[in-house]
Amino acid sequence: MRKSVLAARYACVMIAISAVTGSPVLAATTAGESKAGPWALVKLIRSKPGTAEQADALSRLEGLAAKDIDAKRALADLMLSGQGVEKNVPAALELLQEAGDSGSTGALRKLAAIYRAGQLVPEDKAKALDLTRKAAELGDAQAQFSLSEALRKGDGVEKDIVNALVLLEKAASGGASNAQLRLAELLLAGKEVARDQTRAYALLHQSAEAGNLDAKLTLGRFYLQGEGVPIDKVKGASLVREAADGGKVNARILMAQLAIAGDAVEQDIDGGLATLESLSAEGRNAATEALRELYSGGGPVPADGAKVVELTVKLADAGDNDAMVKLGEIYRDGVLVPVDLKRSAEYFRAAQESGNSKAWRRVAEASLRGFGEPRDAEKAIAFLRTEADQGNMDAAVFLGDILSSGDYVEADFEAARAQYEKAAEAGKVDAMKQLARLYLRGDFGLQSKPRAIEYLSAASALGDGQSQVTLANAHLSGSFGRQSEPNKGLSILEDARQKGVAQASVTLADVYFRGRGVPRDPAKAVRILSEEADKGDAAAARALIEAYRMGRGKTFQASLAKAQAAFAKYSPVLTEEQKKREQFMLQASAARSLSDFAAVDQQISVAPVTQRRGLIEALRSINPNAYVYVVQSGLKKLGSYSGPVNGLLTASTISAIRALCETGPSGERCRLGPLHSAAARVVSVRLESIY
């Protein structure tokens, strides 16, 4: 390599230093330093600015660069950073290209990174990909991983899963820890490759042992939770701590959470909170979310509604429009703060206008149900039609639900079917299930009921277990007429139960309670529910509690004491929301006096507005007198009933209910009787937002 201008310049620097210090510049260093490799020389150049040692090291590095590809790359690094030498990007790129042409895969990867970043030179992803491919062909594991990622995602190149996986295997075998981690993730997901949990965990261990911090964090979580490996909280916490010490923010957050909970480490609430507060102040949204969860209650940190709102606003201000939706839900449901439906609706609209993919439903519900703004069903429907026309098939399904229910507008089954069919053609399983529901209900004529089979079969083929359960139930109920096969229905249910399909056990138990297609056998029904509840199935636990609370015909009498005992036993498998609902049902079932009824009414009034309709409607079958009391209370708040609130179905109460029904669609349902289930649905819709 020809002597560069830089070498001459540094020779002058050495002479100048000698003149100033009066010390001759050493022609050679110690024997050990004279044999130093290029990277050791780089370290010396960076650590000895303005000294004779630095100038000497630079001179020797330039000499090495004439014949050594590692020295070319090392000198290029110095020129790119401008540390110890004058910054010179073109010269650095030339050195890297020379090294790459001579077989340095590290130089090729460095060049690729420079062209991909587009900071030192104009961005050129095609050139970056070409350089990466060359390094991969030379056997560089990191380049193989980078090329694999590009092919797998279709980033700058045509998507090619097959070759991406071949390269990923090579990279993992070549010791690239990030490739080992990615392959483990794919093996656990079981989508692009066959699921192989055993190999995935072996790869995770290899990656973690190689020092990959993400692998350590992932493996640490698994040991803490006992996911795929025997639970070992000490080992899990140790791995997470290593990742945290290495600078992984998510690991630091998890360590803080463990410290606050006293889980696997010594409890330190103040220290954990301080860590999260510090990270939140740095703009780490994950830390802010963790703090919000902690201050929401249910743990060692006292609930603080004002703090929850403050943190959620902080997330929203940082551009997190999911946080805007959360704020809307907080004010709508009165979670830790007073209910403010108007503010709730404003946040939902702001989130929707910011492009949030979840806010559309909340905006529609606010108009539809009168949450924070005047009830305006037509406005909600127009909004949903626009969403559906723009390709939002979830909005199409929701619109179909509104049009078919007749709760907020007059039922229009043909319009609902059109929305459902559009969504079903787009592959929406919920639309297929809803079409099956309409056909099973006979909304398009009894002769069309068998059409439900094709939609339920299509949904089942897409992996929807609930459709299997519905299909089985319809066969057992004879809903398909001559095409009904009770034995086939029972077989489908048994198979679904063995596969762990949600609701399969509950439906199978109901079959034996009612004797649909099989002899009545309440004992077997209870045994099925108990077995599944013992395994942690919340749906089975709730069904068992309900069976004891409500009874199942003459052969299985209700027992409030047994229902309460079942609730006490299985409450650990229920979510907090499920617990609250079951507690309400038990309280309502036991209500006998006016004070009991008033307590039930109070429970409904403090429940989130979205849950009130369901609670009022369910109350009719649980305790008719308590239901009448609640309806009287609601009518009085509306100013449409002046009689006593006593739970008695008086003539004035019936008259007020009838008048309430006529204020909106589906009022004819109330003519079936004030305590009919259809009438209760109408009444609950009218009263849900008045508390």
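Contact here means that heavy atoms lie within 4.5 Å. The structure is a predicted model, in which local features need pLDDT of at least 70 and side-chain atom pairs count only at pLDDT 80 or more, while totals for chains, interfaces and linings use all residues. Residues are numbered from 1 along each chain as its sequence is written, and side-chain values use heavy atoms, with hydrogens and water left out.

**T275**
- T275 sits in helix 16, which covers residues 269-281; helices are DSSP runs of H or I with at least four residues, numbered from the N terminus.
- With a relative accessible area of 25%, T275 is partly exposed, because that class lies between buried (under 20%) and exposed (over 50%), computed with a 1.4 Å probe on protein chains only.
- Setting aside residues up to four places away in sequence, T275 touches R252 and A256.
- From C-alpha to C-alpha, T275 and I161 are 41 Å apart in space and 114 residues apart in sequence.

**L471**
- L471 belongs to helix 27 (residues 465-477) and counts as buried at 11% relative accessibility.
- Beyond residues up to four places away in sequence, L471 touches I453, L456, S457, F480 and I492; the C-alpha atoms of L471 and I492 are separated by 8.2 Å, although the two are 21 residues apart along the chain.

**Nonpolar cores**
- A nonpolar core is a set of buried Ala, Val, Leu, Ile, Met, Phe, Trp, Tyr and Cys residues joined through side-chain atoms within 4.5 Å.
- The largest nonpolar core has 106 residues, and L276, L384 and L529 have the most contacts inside it.
- Apart from that core lies another, of 41 residues, among them M79, L108, A136 and A143.

Conventions:
Helices (H or I, at least four residues) and strands (E, at least two) are DSSP runs, numbered from the N terminus.
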